[in-house]
Amino acid sequence: MRVLIIGASRNPERYSNMAMNRLIAAGHEALLFNPGIDEIDGMPVHRDLAQVSGPIDTVTLYVSPRHLEPLIDSIIALSPSRVIANPGTENPEFARRFQNAGIRYVEACTLVLLSTGQF
């Protein structure tokens, strides 16, 4: 599964970094997005969502709604099957926009979904 992490971080104490490592360990392909970083642990980081190519199965969100607002249309353009709004990223307007675009919107924790086999 190809998973795009919005808000990827180099900091191993950040949940997005933990999710990156656990996704890779579980055999998923992790794609990273953060406009302020070029690479994390040797992996390239997309600074522009227009740079992301190929099908995306899941987008997992790790930034606040105010930082997500300008990215919503670009995420919708990627046509992922689902978007996971991790704690602190939830927003009813975003949920409506994703759902209207035919994208499943789930308010959950990627780390919990991975650890319980529900990812």
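Start with L4, I6, L49 and I75: these have the most contacts inside the largest nonpolar core, which has 21 residues. A nonpolar core here is a set of buried Ala, Val, Leu, Ile, Met, Phe, Trp, Tyr and Cys residues joined through side-chain atoms within 4.5 Å, and buried means under 20% relative accessible area (1.4 Å probe, protein chains only). The model is predicted: local features need pLDDT of at least 70, side-chain atom pairs count only at pLDDT 80 or more, and totals for chains, interfaces and linings use all residues. Residues are numbered from 1 along each chain as its sequence is written, and side-chain values use heavy atoms, with hydrogens and water left out.

Next, colour the elements that give two or more residues to this core: strand 1 (2-6), strand 2 (29-33), strand 5 (58-61), helix 3 (72-77), strand 6 (82-85) and helix 4 (92-100). Helices (H or I, at least four residues) and strands (E, at least two) are DSSP runs, numbered from the N terminus. Helix 4 gives the most, with three residues.

Now select I6. Another core, of 18 residues, lies apart from the largest one and includes A8, M20, V45 and Y62.

Move to strand 2. Four of its five residues are buried, so strand 2 is largely enclosed by the rest of the structure. Strand 1 runs parallel to strand 2, joined by five bridges; strands pair if DSSP finds at least two bridges between them. L4 stands opposite L31 in strand 2. Follow the chain from strand 1 through helix 1 (residues 15-25) to strand 2: this β-α-β crossover is right-handed, meaning that, with the strands pointing away from the viewer, the path from the first strand over the helix to the second runs clockwise.

Finish at strand 4 (residues 43-46), which runs parallel to strand 2 and is joined to it by two bridges. Here F33 stands opposite H46.

Terms used. Buried < 20%, exposed > 50% of the residue type's maximum accessible area, 1.4 Å probe, protein only.
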